[in-house]
Amino acid sequence: MKKLIYSLLVFCSLSSCELEEFPKASASEKDIFGTESGLKTYAYSFYNNLPSGTTAYRLDAMADYGAVNSLNSFLQDGAYSAETSSGWSWSALRNINHFIVKNNDPAVPESVRNHYNGLARFFRAYFYYDKLTTFGDVPWIDKPIGVDEEDVLFAKRDSRTIIIDKILEDLDFAYQNMTTNSSDGTTVTKWAALAFKSRVALFEGTYRKYHAQLNLQGTANKYLQSAADAALELMDKGPHRLNTAQGVSSSQRALFISDAPITTEVILAVALSKDLAILGDANWWWTSATYGPRYSLVRPFINTILNLDGTPYTGRAKFQSETFFEETQNRDYRLAQLIRTPGYKRDGVNTPPNFASYTYTGYQPIKYTLDPTLYDNSGLNTNNLPLIRYAEVLLNYAEAKAELGTLSTADWSRTIGALRARSGITGGLDALPTQVDPYLQNTFFPGINDPIILEVRRERQVELALEGFRFNDLRRWRRGELMAELPWTGIYVPALNEILDLDQDGKQDVVFYTGGTTAPTVPTGVARVALGGSANNFQTLTNDNHLEWFRAQKRTWYPDGRQYLYPIPASAIVKNQNLQQNPGW
């Protein structure tokens, strides 16, 4: 990812002035907007709006399927309010709009100017998509903001229809005018604009369809069709395809642990570099007992990952009492690319889930972590972090078509079938599903009776796990209740006070025992985990002998649905009394 080399423009907050400050030894505004090199240098600043090497791997930090050591205040009753809300910042937009307005020097060929305006408009769309998904209706601002521009500084919120249509207009301009067809995966291309359009339009189409209170259901199909069209355009004309070079057992994870983006599939990524001392800390966050949240995936989600023959795992007769080793056998290879499973090695040594100082459920993620343990301490990661990839485009197309009721067998084979084949699944690749999986329906989507939509959603949550989509997906599907209701359960515990060999490699790993009793004596290297027994012990056991985390800590999703949007910060409303607060806040 391109980072800003030096600051071109420094802007005040919305409530104050706009200040242009050129760096020392810098050229004039004429040199910046009057040359292609100047436009290119300015454009580097836009990339600072993307996630970084220390944030891009934690975009799903708050999700229904992630058990963590501390609840986000957004899910605690009464803990989040307009007074604590944030995100109502417009400085990035001001920088983008300033560029678009000033980029009109005839000394630069029009095609070059349009290319960089397309890039700027991609980032304006990126900015506004975040605002739309966070706050809903917001003011649409397409010019630089000065202190004397009261019509902008004190603007009312524009409708989501205005905002979404402007976003799509910007992305259309970017696709039609950007001349960058390919890159090393770290810069925005016209294909990134098209892929992002499929994401944005899918969000809006499904949000309108499932949020009947907006009275916008009649326009949902317009956006669903737009999502399908954008995805298909990229599928038919773009240079990207699924990466399969590492085989069924490694091709997906390779996308996340390779130093350089695998541009076969990765459309845009955050790239790191040891040589440039630009490093990340994904290993530290995903393995530390103290730095990260000890993020552990939960059993209801793991249960939705298919068997290799394409049948539901929950169709196994004894799935509720299978040991960790048993439940990981003959499963979609994405399971072993997502969490530590038997056979996973670090530094050449079998490495089961770490119950001593990390996992609460037994399902310990590995998607973003490099296998050598030397990367675990501090910020040493060099692996790229994908932000947009072709697999998402396939999923966007499949979901949009499924919601429209027009997904064909050929569409299925090209999208869901291709993704499953990439991960070793052998059954159901070339035929539309005809039966509802009762576990998937009852646990996650009780209001959905269409087996095609259910299976597309299953595929999305498995393929894109931990990539930052989950919370927005639940909000657009109006399934926010899962944030509070999905049990944070884990592996089956066959017996207490019995040392378990989790990965069946002949080495003992962990013993579970009743909290409040004397901890059993164990060999060196065996973790001891107390279950219950004290007021602050959140590690417990369910009635059917599965680990459970945070049972005593209530998660809240308000019945009035206020959490589908964040509250506008109270400080913003004080400054601009034309703003009205979101419902419920």
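The angles run from 0 to 180 degrees between N-to-C directions, and axes are lines fitted to C-alpha atoms, for helices over the stretch in contact.

This is a predicted model, in which local features need pLDDT of at least 70 and side-chain atom pairs count only at pLDDT 80 or more, while totals for chains, interfaces and linings use all residues. Residues are numbered from 1 along each chain as its sequence is written, and side-chain values use heavy atoms, with hydrogens and water left out.

**The whole chain**

The chain holds 20 helices and 11 strands. Both are DSSP runs numbered from the N terminus: helices are H or I with at least four residues, strands are E with at least two. Along the principal axes, the C-alpha atoms fill a box of roughly 75 × 50 × 50 Å. The radius of gyration is 25 Å, which agrees with the value near 25 Å for a compact globule of 585 residues. That radius is taken over C-alpha atoms, and the globule rule is 2.2 Å times the number of residues to the power 0.38.

| Pair | Angle | Axes |
|---|---|---|
| H6 (residues 160-177) and H8 (residues 220-237) | roughly 15 degrees | within 13 Å |
| H14 (residues 390-404) and H15 (residues 409-422) | about 135 degrees | 9 Å apart |
| H15 and H17 (residues 451-463) | about 40 degrees | 11 Å apart |

H6 and H8 are therefore roughly parallel to each other. H6 passes H8 in a left-handed crossing. A crossing is left-handed if the near helix is turned anticlockwise from the far one by less than a right angle, and right-handed if clockwise. H6 brings Thr161, Ile164, Asp165, Leu168 and Tyr175 to the contact, and H8 brings Lys222, Tyr223, Ser226 and Glu233. Contact means heavy atoms within 4.5 Å. By class, the contact of H6 with H8 has four nonpolar, two polar and three charged residues. Here Ala, Val, Leu, Ile, Met, Phe, Trp, Tyr, Cys and Pro count as nonpolar, Asp, Glu, Lys and Arg as charged, and the others, Gly among them, as polar.

H14 and H15 are oblique to each other. H14 also passes H15 in a left-handed crossing. Residues of H14 in the contact include Leu394, Leu395 and Tyr397, and those of H15 include Arg414, Ile416 and Leu419. The contact divides into seven nonpolar, one polar and four charged residues.

H15 and H17 are oblique too. H15 passes H17 in a left-handed crossing. On the H15 side, Trp412, Ile416, Leu419, Arg420 and Arg422 make the contact; on the H17 side, Glu455, Val456, Arg458, Glu459 and Glu463 do. This contact of H15 with H17 has four nonpolar, no polar and six charged residues.

Three strands form an open antiparallel sheet in the order E7-E11-E10. Strands E7 (489-492) and E10 (539-541) stand at the edges with a single partner strand each, so one side of each is left without a neighbour in the sheet. From one strand to the next, the twist averages 30 degrees. E7 and E11 (residues 546-549) pair in the antiparallel sense over two bridges. Two strands pair if DSSP finds at least two bridges between them. The bridge partner of Tyr492 is His546 in E11.

Terms used. Parallel < 35°, antiparallel > 145°, perpendicular 65-115°, else oblique.
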